[in-house]
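Please look over the sequence and the model, then read the points below.

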Amino acid sequence: AGIAFSNTTVTIGDNVTQQVKSVVCSLLPQFRKVAKKDFRVISVTGGITNLLFKVESTGSNAPNPVLVRIFGEAGDKVCDRVAENLVFAELAEKELAPKLLGTFANGRVEEFYEGMRSLDPEEMLSDTNVPRIARQLAAMHAFVPRRLKRGMEILLWEQLDGWLKTARGVSFQDPAQAKRLQELDLDLIEQELQWVRQQLPSPDNNWGAALLKSANSESGDPTFRAAQQALYQPVFCHNDLLAGNVMVPIGKAQICRFIDFEYASVNSAGLDIANHFTAAPESYLITFGTLDPDKDFPKPEVIEKWMEFYFDGRAHPSAHDPVFLRNCREVTMGFVLAAELRWVIWGVIQAGYSPVADFDYLDYCNQRFNRGYMKYKEWYLKGSGSGGEECSIQ
């Protein structure tokens, strides 16, 4: 309500900056008075789904800079853009997201977080940022959007079935690319996905009820059941919390803000947390080209400290209980498997349709499946809660 809309479609090409300027002027009156010589459109690096531009004026009495987000075709195949914009507006009202300033046919204009920067990969798990991120995610998970089409229903498995179907439609004329896609083996990925469904809340186990019963009878540990219940809970999730989507002040303020909510939806809390942990190695992969969970996945003590800040933020009665926190770490390792497979399937779709031409999505998929998922599965089956420390997962 009250958000400016233009039915303009920005097409990717040589004159994209002129189109961005035009769409901003059509949506935001304050930019119409900016002199041509003062108008700047700057490409923002970091996104591997969308194209991003900062729009600003260098003149006197300049309007606040804005961010223009042009949705990629590949993203359209995995995101509901209308629903995304509605929920994004709600998040902005709660100061959980940048302000939504306007929308156009294939993108939107957002507040630009001036004086803030995205994290570098090595900063994600630092002593400074663990409490910042955990508490901010706890705040987000306490938020219940009003405009969800299907309420607080977990859509993960339905989403992944749809993504897999789309991924199977990807093909390449180039023989080398076609061979790389074939070697990725979507049939095997689907088999793994079916197995992971059994480990986590899904329709196969009455959304975790059977798993709770099983764990209770086997271990007799009430804190393990409490950890399952806390992490199985449906919450509104970010679902893409890698280093580039966490903004911190240029300075010492102890806050952070999240950006890029296009994959946000209702899921189990554990999936969002697990995805953040897998995003530590992923952030190194995107920045440096190599995925190495042994080196970059958070160590057990970091995970447990992260969980303590998170559950303190959620006011959970067991937030400071070491046994509960250790059990939370164990339960989260199951969600790690789903988080990793999700991005493997997503990467195939991006390889087929993304406008981001200078990123090797098939290599991304290959590394996340063979170096990421298979390593995490090995840890999970050994009962190892990351980096080799023994746990009691069976």
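Is N206 buried or exposed? N206 counts as exposed, because its relative accessibility is 56% and exposed means over 50%. The model under discussion is a predicted one.

**Nonpolar cores**

- The largest nonpolar core comprises 97 residues, and L91, F258, W306 and F311 are those with the most contacts inside it.
- Helix α13, which spans residues 322–353, gives the most to this core, with 17 residues.
- A second core is separate and has 18 residues, including V10, F31, V55 and V109.
- Apart from neighbours within four places in sequence, L91 is in contact with L96, A97, M140, F143, F236 and F261.
- As general background, nonpolar side chains in soluble globular proteins tend to be buried together.

**Aromatic pairs**

- The count of aromatic pairs comes to 23.
- One of them joins W163 and Y263 in an edge-to-face arrangement, with 6.4 Å centre to centre and 75° between the planes.
- W163 belongs to helix α5 (residues 156–168) and Y263 to the loop between β10 (257–258) and β11 (265–268), so this pair ties together parts that are 100 residues apart in sequence.
- W163 counts as buried, at 4% relative accessibility, and Y263 is buried as well, with a relative accessible area of 2%.
- Y263 also forms an edge-to-face pair with W343, at 5.4 Å centre to centre and with 80° between the planes.
- Because W343 lies in helix α13 and Y263 in the loop between β10 and β11, their pair ties together parts that are 80 residues apart in sequence.
- W343 is buried, with a relative accessible area of 1%.
- Ring pairs also link F277, F297, W306, Y310, F311, F324, Y376 and W379 into a cluster; W306 and F311 are also among the residues with the most contacts inside the largest nonpolar core.

**Charges over rings**

- K21 has its charged end over the ring of F39, 5.0 Å from the ring's centre.
- R108 lies over the face of F88, at 4.0 Å from the ring centre.

**The second largest pocket**

- The second largest pocket has a volume of about 570 Å³.
- It is lined by 26 residues, of which D80, A83, L155, A264 and S265 are the closest to its centre.
- Helices α3 (81–93) and α5 and strand β11 are the elements that give two or more residues to this lining.
- The largest share of the lining, five residues, comes from α3.

**The loop between α7 and α8**

- N205 lies in the loop between α7 (186–199) and α8 (209–219), and N206 is found in the loop between α7 and α8 too.
- N205 is buried, with a relative accessible area of 7%, whereas N206 counts as exposed.
- Leaving out neighbours within four places in sequence, N205 is in contact with R197, Q198, L200, A210 and L211.
- N206 is a residue other than glycine with a positive phi, near 55°.

**The loop between α3 and β5**

- E95 is placed in the loop between α3 and β5 (100–104).
- E95 is exposed, with a relative accessible area of 57%.
- The phi of E95 is positive, near 60°, in a residue other than glycine.
- By way of context, most residues other than glycine have a negative phi.

Key. Residues numbered from 1 in each chain as written. Predicted model: local features only at pLDDT ≥ 70, side-chain atom pairs only at ≥ 80, totals over all residues. Heavy atoms only, no water. Core = buried A, V, L, I, M, F, W, Y, C linked by side-chain atoms within 4.5 Å. Buried < 20%, exposed > 50% of the residue type's maximum accessible area, 1.4 Å probe, protein only. Helix = DSSP H or I, 4+ residues; strand = E, 2+ residues; numbered from the N terminus. Contact = heavy atoms within 4.5 Å. Phe/Tyr/Trp six-rings, centres within 6.5 Å; stacked < 30°, edge-to-face > 60°. Lys NZ or Arg CZ within 6 Å of the ring centre and 35° of its normal. 1 Å grid on protein atoms, 1.4 Å probe; cavity = no way out; pocket = protein on both sides within 12 Å on 5 of 7 lines; lining within 4 Å. Points joined across faces, edges and corners; volume = space filled by probe spheres on them.
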